[in-house]
Amino acid sequence: MLDDKYHVDRAVGTMQDNKITAKNVQVFYGETHAIKDVNVAISDKTVTAFIGPSGCGKSTFLRCLNRMNDTIDICRVTGDIHIDGEDIYDPRVDPVQLRAKVGMVFQKPNPFPKSIYDNVAYGPKIHGLAKTKSDLDEIVESSLSKAALWNEAKDRLHEAGTGMSGGQQQRLCIARAIATAPEVLLMDEPCSALDPIATAQVEELIDELRQSFSVVIVTHSMQQAARVSQKTAFFHLGNLVEFDDTDKIFTNPQDPRTESYISGRIG
Ligand SMILES: Nc1ncnc2c1ncn2[C@@H]1O[C@H](COP(=O)(O)OP(=O)(O)OP(=O)(O)O)[C@@H](O)[C@H]1O
């Protein structure tokens, strides 16, 4: 009989093929067991969507990938998470450096109360990525361009980021996240506060970003998961029930719980 390790290795694939591998990940908030033995492998240059009913653990698991849960006192994470073969929970890993490599965009746009320029320049400055002012200017311009915001921002770089529209603020937060040259971008319901036009712009941007990064997005919208992702993970009650190509999850799910969720019977 094959042992558990065989099944775990099959579930996560080989380390070399993947950007992120998670093995036997459990998360507890005090007595609440929020993530139950999750094994998954996330590919590079791919958009992976996390879907599932409210409270199933999508955001909790997303936050494990850049150790944002470290900031929650009662939260305890066990198991292994490797990015590019490096154990991100190794005590020698500096979470601040990790978060530069694994950037995050939140549900509500949260620009710093600073100018548009300074919002983007902040990360590269603290991580010493620019030697000169012209290096920094270049990073700011290229990050805003990649975030499809340069044309709207170039003549108002020294105005407050908080003075932009909601959709522009969210693209500014994406520019800020990509300014530190991350390798993975985590997005926790990035469009939930945006109107349909801004949502479409951010979705288009996500598709472009995947040329450069591994993107992981939590979404409540199954239409959005189907539009933007190549892989989808369905969570239910803290379990990762099914993980497969997005097309397959939405057309031919293997687990009855996935089927019920996508057909609107649970959630
Ligand atoms: N900071 C916290 N303290 C205590 N419990 C928490 C905390 N954050 C999440 N939980 C609990 O962990 C479980 C998973 O929550 P999580 O927010 O990860 O789910 P989710 O799938 O992202 O939900 P939603 O779609 O509603 O955002 C829930 O039972 C929730 O109550």
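In this predicted model, six strands form an open sheet with mixed pairing, in the order S6-S7-S8-S3-S9-S10. Strands S6 (102-105) and S10 (239-245) sit at the edges. Each has a single partner strand, so one side of each lacks a neighbour in the sheet. On average, neighbouring strands are turned by 20° against each other, direction ignored.

Strands of a sheet pair through backbone hydrogen bonds, either parallel or antiparallel. Here S9 (residues 231-236) and S10 run antiparallel, joined by 6 bridges. Phe234 stands opposite Glu242 in S10.

A helix also packs on this sheet: H7, residues 166-178. Helix H7 touches S6 and strand S7. The direction of H7 makes about 170° with that of S6.

The sheet elements described above span these residues:

| Element | Residues |
|---|---|
| Strand S6 | 102-105 |
| Strand S7 | 184-188 |
| Strand S9 | 231-236 |
| Strand S10 | 239-245 |

Now the ligand. The residues around the ligand are Tyr29, Thr32, Ala34, Gly52, Ser54, Gly55, Cys56, Gly57, Lys58, Ser59, Thr60 and Ile72. Two elements give two or more residues to this shell: strand S2 (32-42) and helix H2 (58-64). Helix H2 gives the most, with 3 residues. By class, the shell divides into 4 nonpolar, 7 polar and 1 charged.

Notes: Residues are numbered from 1 along each chain as its sequence is written. This is a predicted model: local features need pLDDT of at least 70, side-chain atom pairs count only at pLDDT 80 or more; totals for chains, interfaces and linings use all residues. A residue is near a molecule or strand if its C-beta atom, placed from the backbone, lies within 6 Å of it. Helices (H or I, at least four residues) and strands (E, at least two) are DSSP runs, numbered from the N terminus. Ala, Val, Leu, Ile, Met, Phe, Trp, Tyr, Cys and Pro count as nonpolar, Asp, Glu, Lys and Arg as charged, and the others, Gly among them, as polar. Two strands pair if DSSP finds at least two bridges between them. Axes are lines fitted to C-alpha atoms, for helices over the stretch in contact, and angles run from 0 to 180 degrees between N-to-C directions. Two residues are in contact if their C-beta atoms, placed from the backbone, lie within 7 Å.
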